[in-house]
Amino acid sequence: MKPVCPRCQSLAVYEMTDGTHDRLIDELLSPTAMIGLGISLCKTFKIHPVFGVITGTAIATLIEMAQSKNALPLLINKQYRCDECTHVFTAFN
Ligand SMILES: [Zn+2]
């Protein structure tokens with residue numbers, strides 16, 4: 001279902017996607033980044049790096065679980081921008 005601009009009823013609307021932003025967050029919260037963070041924390045606190053790997057994996061799993069829960073509302077709640085009057089609105093699919 002294609003949304004219509006609520007202001008001018010134009011069909012010339014396009015979806016606003018911020019892919020680069022999402023990818024950056026994904027990269028920052030990737031399991032590799034989390035494990036790396038865990039290992040560096042272990043080095044700081046002089047703990048065996050294996051605990052860092054375990055903690056990092058656990059945090060990465062938790063983040064992935066949280067992201068999959070949040071993925072649905074993000075897909076439903078899409079932002080659109082009207083090409084005719086540049087009005088930005090949210091549409092529910
Ligand atoms: Zn419009």
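Trainee: Which residues does Cys 8 touch, not counting residues up to four places away in sequence?

Mentor: Two residues are in contact if their C-beta atoms, placed from the backbone, lie within 7 Å. In this predicted model, Cys 8 touches Cys 82, Glu 84 and Cys 85, leaving out residues up to four places away in sequence. Cys 8 itself is found in the segment before β1. The C-alpha atoms of Cys 8 and His 87 are 79 residues apart along the chain and are separated by 8.8 Å.

Trainee: Is Cys 8 buried or exposed, and why?

Mentor: A residue is buried if 20 or more other C-beta atoms lie within 10 Å of its own, exposed if 12 or fewer, and partly exposed in between, with C-beta atoms placed from the backbone. Cys 8 is exposed because it has 12 other C-beta atoms within 10 Å. Across the protein chain, buried residues make up 8% of the 93 residues.

Trainee: Where is Cys 85, and which residues does Cys 85 touch?

Mentor: Cys 85 has its place in the loop between β2 and β3. Not counting residues up to four places away in sequence, Cys 85 touches Cys 5, Arg 7 and Cys 8. The C-alpha atoms of Cys 85 and Val 13 lie 72 residues apart along the chain and are separated by 9.7 Å. Cys 85 counts as exposed, because 11 C-beta neighbours are inside 10 Å.

Trainee: How is the span of a helix judged, taking α2 as the case?

Mentor: The expected span of a helix is 1.5 Å times one less than its number of residues. Helix α2 (residues 31-44) has 14 residues and reaches 20 Å from its first C-alpha to its last, close to the 20 Å expected.

Trainee: Which residue with a positive phi follows α2?

Mentor: That residue is Lys 46, whose phi is near 55°, a positive value in a residue other than glycine. Lys 46 is in the loop between α2 and α3 and counts as exposed, because 6 C-beta neighbours are inside 10 Å. Thr 86 also has a phi near 55°, a positive value in a residue other than glycine. Thr 86 lies in the loop between β2 (77-82) and β3 (88-92) and counts as exposed, with 9 C-beta neighbours inside 10 Å.

Trainee: Where is Phe 89, and what is Phe 89 in contact with?

Mentor: Phe 89 is found in strand β3. Leaving aside neighbours within four places in sequence, Phe 89 is in contact with Cys 5, Pro 6 and Tyr 80. Phe 89 and Gln 79 are 10 residues apart in sequence and 5.8 Å apart in space, C-alpha to C-alpha. Phe 89 counts as partly exposed, because 16 C-beta neighbours are inside 10 Å.

Trainee: Where in the protein chain is confidence lowest, and where is confidence highest?

Mentor: pLDDT is the predictor's confidence in each residue, from 0 to 100. Where pLDDT is low, the predicted coordinates should not be read in detail. The mean pLDDT of the protein chain is 81, and 78% of its residues reach 70 or more. Confidence is lowest in helix α1 (residues 19-28), at a mean of 64, and highest in strand β1 (residues 13-15), at 89.

Terms used
Residues are numbered from 1 along each chain as its sequence is written. This is a predicted model: local features need pLDDT of at least 70, side-chain atom pairs count only at pLDDT 80 or more; totals for chains, interfaces and linings use all residues. Helices (H or I, at least four residues) and strands (E, at least two) are DSSP runs, numbered from the N terminus.
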